[in-house]
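Thanks, everyone, for making the time. I would like to walk you through one model this morning, beginning with a loop and then moving on to the sheet.

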Amino acid sequence: LEKKINQPFKQVFRELYLKTAEEQALPHCLRYSGVRILPKKMAGALKACRWVADAEEGLQKVCYENDVAANIHVLADWFNPADTAAPTVEYVAFYERISGRPLPLNEVPDIIFSEVIRDIDLLLGIAGSKS
């Protein structure tokens with residue numbers, strides 16, 4: 001505020017999600033591993049945060065200005081006829097947008113990491129299952 005620096009987003013004060021020391025060495029983020037999601041609620045929340053559900057890529061958000069794509073990998077029993085088990089988040093992975101090369105967390109720009117994890121935290125607050 002003192003330096004009158006304009007933020008690249010609308011909110012004045014925004015949550016900041018930093019990579020932990022353990023995450024720095026990982027190929028992907030396990031922060032939300034095992035969290036159950038409610039698919040119908042997740043679909044609505046995804047659109048508000050500019051995420052897309054793609055049959056091949058899964059849940060994806062692309063940061064074009066940095067050429068980085070983020071994917072939420074979800075484990076689901078698609079063959080469970082009772083539909084009793086909610087899908088669970090496995091991990092969040094980052095990729096170079098054009099080449100598709102997986103980016104280890106230490107190569108993901110900090111602001112991209114923070115914004116993606118903030119989105120996921122928000123999404124899971126809306127679509128997370130309590131069971």
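Predicted model: local features only at pLDDT ≥ 70, side-chain atom pairs only at ≥ 80, totals over all residues.

Let me begin with R50, which is found in the loop between α2 (39-48) and β1; helices here are DSSP runs of H or I with at least four residues, strands are runs of E with at least two, and both are numbered from the N terminus. Residues are numbered from 1 along each chain as its sequence is written, and side-chain values use heavy atoms, with hydrogens and water left out.

What is the phi of R50? It is near 65 degrees, a positive value in a residue other than glycine. As a reminder, most residues other than glycine have a negative phi. R50 counts as exposed, at 72% relative accessibility, where exposed means over 50% relative accessible area, buried means under 20%, and partly exposed lies in between, using a 1.4 Å probe and protein chains only.

Now to the sheet. Five strands form an open sheet in the order β1-β2-β3-β4-β5, with antiparallel pairing, and two strands are taken to pair if DSSP finds at least two bridges between them. The edge strands are β1 (52-54) and β5 (102-103), each of which pairs on one side only.

Further in, β2 (residues 58-63) and β3 (residues 68-75) pair in the antiparallel sense over five bridges. Within this pairing, K61 stands opposite A70 in β3, and the bridge partner of V62 in β3 is A69. The hairpin of β2 and β3 has four residues between the strands, and there D67 takes a positive phi near 55 degrees. D67 is partly exposed, with a relative accessible area of 30%.

On to the next pair: β3 and β4 (residues 88-96) run antiparallel and are joined by eight bridges, and here H73 stands opposite Y91 in β4.

Which strands does helix α3 lie across? Helix α3 (residues 110-127) lies across β2, β3 and β4, and runs at about 155 degrees to β4. That angle, on a scale from 0 to 180 degrees, is between N-to-C directions of axes fitted to C-alpha atoms, for helices over the stretch in contact, contact meaning heavy atoms within 4.5 Å.
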